[in-house]
Amino acid sequence: KPQSGVMKRSMQAIRILVATDEDLKGRTPLLDFNQCVSDENESKANRLLCAVCKDELDSLQTTLEEDESLLSNLEKARFAEVPEETVLAVKFRIAKKKILRSFIGKYGEDVGTEEQEEEEGSQQDASEPESLTSASIGDAP
């Protein structure tokens with residue numbers, strides 16, 4: 001059952017991923033991280049998810065607005081026999097982008113501005129995972 005748009009087990013894994021040594025002390029990760037551990041841990045988990053959503057949005061070739069315009073034009077051009085698969089593909093892209101934007105909108109206040117993130121990134125300690133970027137994901141084996 002989804003919890004805040006993210007599956008419980010996924011959120012549990014993300015909480016463990018961003019946990020500090022202090023968060024882990026005296027806890028059993030698979031049991032104790034199935035709900036909010038601390039405000040700081042939850043904020044870190046949401047920031048990581050927002051970063052992943054933003055990276056995904058940034059990697060897409062078109063914007064939501066461009067896809068909505070394209071869909072409108074495709075629907076107007078029905079007489080031109082536009083393949084249904086094309087219309088469905090554009091609708092899928094629109095839905096995906098709306099979901100990503102919705103999550104970022106809901107949890108984005110935890111993310112802060114790019115300047116704040118860069119500042120935090122330079123002060124990040126070794127126990128904290130680096131934020132995911134499409135470049136770092138692409139470099140993974």
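Because the model is predicted, local features need pLDDT of at least 70 and side-chain atom pairs count only at pLDDT 80 or more, while totals for chains, interfaces and linings use all residues. Residues are numbered from 1 along each chain as its sequence is written, and side-chain values use heavy atoms, with hydrogens and water left out.

**The whole chain**

Begin with the protein chain in cartoon view, where there are eight helices and two strands; helices (H or I, at least four residues) and strands (E, at least two) are DSSP runs, numbered from the N terminus. Followed along the sequence, the pattern of the protein chain is β-β-α-α-α-α-α-α-α-α. Of its 141 residues, 27% count as buried, where buried means under 20% relative accessible area, exposed means over 50% and partly exposed lies in between, with a 1.4 Å probe and protein chains only. Among contacts between residues at least 6 apart in sequence, 62% join residues at least 24 apart, a contact being heavy atoms within 4.5 Å.

**Helix 1 and helix 4**

Next, select residues 8-17, which are helix 1, together with residues 39-59, which are helix 4. How do these two helices pack? Helix 1 and helix 4 meet at an angle of about 110 degrees, with their axes 9 Å apart, where axes are lines fitted to C-alpha atoms, for helices over the stretch in contact, and angles run from 0 to 180 degrees between N-to-C directions. The two helices are therefore roughly perpendicular to each other, on a scale where angles under 35 degrees count as roughly parallel, over 145 as roughly antiparallel, 65 to 115 as roughly perpendicular and the rest as oblique. To see the contact itself, show the side chains of M11, I14, R15 and L17 from helix 1, and of N41, E42, A45, N46, L48 and L49 from helix 4.

Staying with helix 1, colour its buried residues, which are M11, Q12, I14 and R15. They cover an arc of only 165 degrees around the axis, which puts them on the same side of helix 1; the arc is that of the directions from the helix axis to the C-beta atoms. The C-alpha atoms of I14 and N46 are separated by 8.7 Å, although the two residues are 32 residues apart along the chain.

Now move to N41, which lies in helix 4 and counts as buried at 0% relative accessibility. Which residues does N41 touch, not counting those up to four places away in sequence? They are R15, V18, A19, D23 and F33. For A19, which is 22 residues from N41 along the chain, the C-alpha atoms are separated by 6.2 Å.

**Helix 5**

Select residues 64-76 to bring up helix 5, whose 13 residues reach 18 Å from the first C-alpha to the last, close to the 18 Å expected at 1.5 Å a residue; the expected span is 1.5 Å times one less than the number of residues. Its buried residues are L64, D67, L71 and L74. They cover an arc of only 85 degrees around the axis, which puts them on the same side of helix 5, and what covers them includes helix 6. By contrast, S72, also in helix 5, counts as partly exposed at 29% relative accessibility.

Finish with helix 6, where V87, V90, I94, K97, L100, F103, I104 and Y107 are buried. The 24 residues of helix 6 should span 34 Å at 1.5 Å a residue, and its end C-alpha atoms are 35 Å apart, which agrees.

Show the rings of F103 and Y107, which form a tilted pair with centres 4.6 Å apart and planes at 40 degrees. Rings of Phe, Tyr and Trp (its six-membered ring) pair if their centres lie within 6.5 Å, and planes under 30 degrees apart count as stacked, over 60 as edge-to-face and the rest as tilted; by this rule the count comes to one aromatic pair. F103 and Y107 are four residues apart in helix 6 (residues 84-107), and so are separated by about one helical turn. F103 is buried at a relative accessible area of 11%, and Y107 is buried at 12%.
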